[in-house]
Amino acid sequence: MAITFTTDKLQGLPTAVAGVYGRIQSVTVKKYDTDPVSWQCLYDVVLHASAAVRNADGEYPGWGNRLHSPQIDHFTCTYDPTSNSNPYAQAYADLKTQIASIASSIADA
């Protein structure tokens, strides 16, 4: 799952970058033994300037064409195992919500 978006808030760039390609790299679901028990969905995001740049040299193994942003690299959201069986879908929905605060446009890739 991936999204594209336009933003000027990555790496302190002075101009907006259109077509930033964001992909969820990994998702982990953790159960915390609190009272009551809580579940968290932790996910990492990989960013590229565009889908074409991502595929220019092949995605692996170099990762040399990645964008780095401390704002968009690792997120945690609440996970409900009784109503959602797909943690990637929940992470994707949460990512769109998170990016909405820094993006002027968001689209599914």
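**Entry 1: the cysteines**

I started at Cys77, which counts as buried because its relative accessibility is 9%. I noted that this is a predicted model. Next I looked up Cys41, and it counts as buried too, at 0% relative accessibility. Cys41 is in no disulfide, and its nearest cysteine sulfur belongs to Cys77, 4.3 Å away. From the other end, Cys77 is in no disulfide either, with the sulfur of Cys41 as its nearest, at 4.3 Å. The cut-off I applied was 2.5 Å between sulfur atoms.

**Entry 2: strand 5**

I then checked which way the residues of strand 5 point. Phe75 and Cys77 make up its covered face. His74, Thr76 and Thr78 make up the uncovered one. What does strand 5 pair with, and in which sense? I found strand 3, antiparallel, over 5 bridges. For one bridge I wrote down the residues: Leu42 has Thr76 of strand 5 as its partner.

**Entry 3: the core**

I moved to the largest nonpolar core, which has 22 residues. Which members touch the most others? My list reads Phe5, Tyr43, Leu47, Ile72 and Leu95.

I set aside its neighbours within four places in sequence. What remains in contact with Leu95 is Ile3, Ile24, Tyr43, Val45 and Phe75. Phe75 I had already noted on the covered face of strand 5. Tyr43 I had already listed among the core members with the most contacts to other members.

**Entry 4: His68**

Where does His68 sit? I located His68 in the loop between strand 4 (66-67) and strand 5. Is His68 buried, partly exposed or exposed? I read partly exposed, because its relative accessible area is 49% and the exposed class begins over 50%. I also took one distance. His68 and Val45 are 23 residues apart along the chain, and their C-alpha atoms are separated by 9.8 Å.

**Entry 5: confidence**

The protein chain has a mean of 81, and 86% of its residues reach 70 or more. Where is confidence lowest, and where highest? Helix 1 (residues 51-56) is lowest, at a mean of 74. Strand 3 is highest, at 90.

How values were computed:
Residues are numbered from 1 along each chain as its sequence is written. This is a predicted model: local features need pLDDT of at least 70, side-chain atom pairs count only at pLDDT 80 or more; totals for chains, interfaces and linings use all residues. Side-chain values use heavy atoms; hydrogens and water are left out. A nonpolar core is a set of buried Ala, Val, Leu, Ile, Met, Phe, Trp, Tyr and Cys residues joined through side-chain atoms within 4.5 Å. Buried means under 20% relative accessible area, exposed over 50%, partly exposed in between (1.4 Å probe, protein chains only). Contact means heavy atoms within 4.5 Å. pLDDT is the predictor's confidence in each residue, from 0 to 100. Helices (H or I, at least four residues) and strands (E, at least two) are DSSP runs, numbered from the N terminus. Two strands pair if DSSP finds at least two bridges between them.
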